[in-house]
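I opened this model to look up its salt bridges and part of its strand pairing. My notes follow in the order I took them.

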Amino acid sequence: MTISLDGRRFAAESDVVAGEVGTETVFAYHERAGEVWAEYAGGSIRRGYLVGTREGDRLDFRYVQLNAEGQTSSGHCVSEVTVLADGRLRLHETWSWESRPGTGTSVVQELPARRRSEPQHRHDDDHRAERGA
């Protein structure tokens, strides 16, 4: 049985060599009818988006992101979904930049579920905009 990614949050297990995603980057996944997409931010990533497809335990998507220095970049990733002993999900990723040279692998792991009283993760820039800063 395929476990849906919808509503699940993930973070890298370690900083990604040759990439910009780090342990502070949080991905919020969505899934519907074979389509997957996510928003992500944190660490050196101001804002990022990915969109693609899922067939069984294989994800195939493209990503685009804005880093803390104001530079944009994009690439392609194929991931395999696995289930951890505690029921959380792990994604084993193989990616390549399309906007610059470089390739790599990374592992992102599902974060434990938030309690209802715990606030949603929001990017600091969103808070500043709300305060009029």
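I started with E31, which is buried at a relative accessible area of 15% (buried is under 20%, exposed over 50% and partly exposed in between, with a 1.4 Å probe and protein chains only). This is a predicted model, in which local features need pLDDT of at least 70 and side-chain atom pairs count only at pLDDT 80 or more, while totals for chains, interfaces and linings use all residues. Residues are numbered from 1 along each chain as its sequence is written, and side-chain values use heavy atoms, with hydrogens and water left out.

I then looked for the partner of E31. E31 and R54 form a salt bridge at 2.9 Å, N to O (the term requires a side-chain nitrogen of Lys or Arg within 4 Å of a carboxyl oxygen of Asp or Glu). E31 is in strand β2 and R54 in strand β4 (residues 45-55), 23 residues apart. Strands here are DSSP runs of E with at least two residues, and helices runs of H or I with at least four, numbered from the N terminus. R54 is buried as well, its relative accessible area being 8%. I also noted D57, which joins E31 and R54 in a network of salt bridges.

Next I asked how many salt bridges the rule gives. The count is 8.

I looked up R90 and E13 among them. Their closest N and O atoms are 2.9 Å apart in a salt bridge. R90 is partly exposed at 22% relative accessibility, and E13 is partly exposed at 41%.

I turned to E20 and R100, whose side chains form a salt bridge at 3.6 Å, N to O. E20 is in the loop between β1 and β2 and R100 in the loop between β7 and β8 (103-110), so this pair ties together parts that are 80 residues apart in sequence. Is E20 buried or exposed? E20 counts as buried at 15% relative accessibility, whereas R100 is partly exposed at 30%.

Last, I checked the pairing of β8 (two strands pair if DSSP finds at least two bridges between them). β7 and β8 are antiparallel over 7 bridges, and T94 has T105 in β8 as its bridge partner. The two strands make a hairpin with 5 residues between them, and G102 in the turn has a positive phi of about 135°. β1 also pairs with β8, antiparallel over 3 bridges, and F10 stands opposite E110 in β8.
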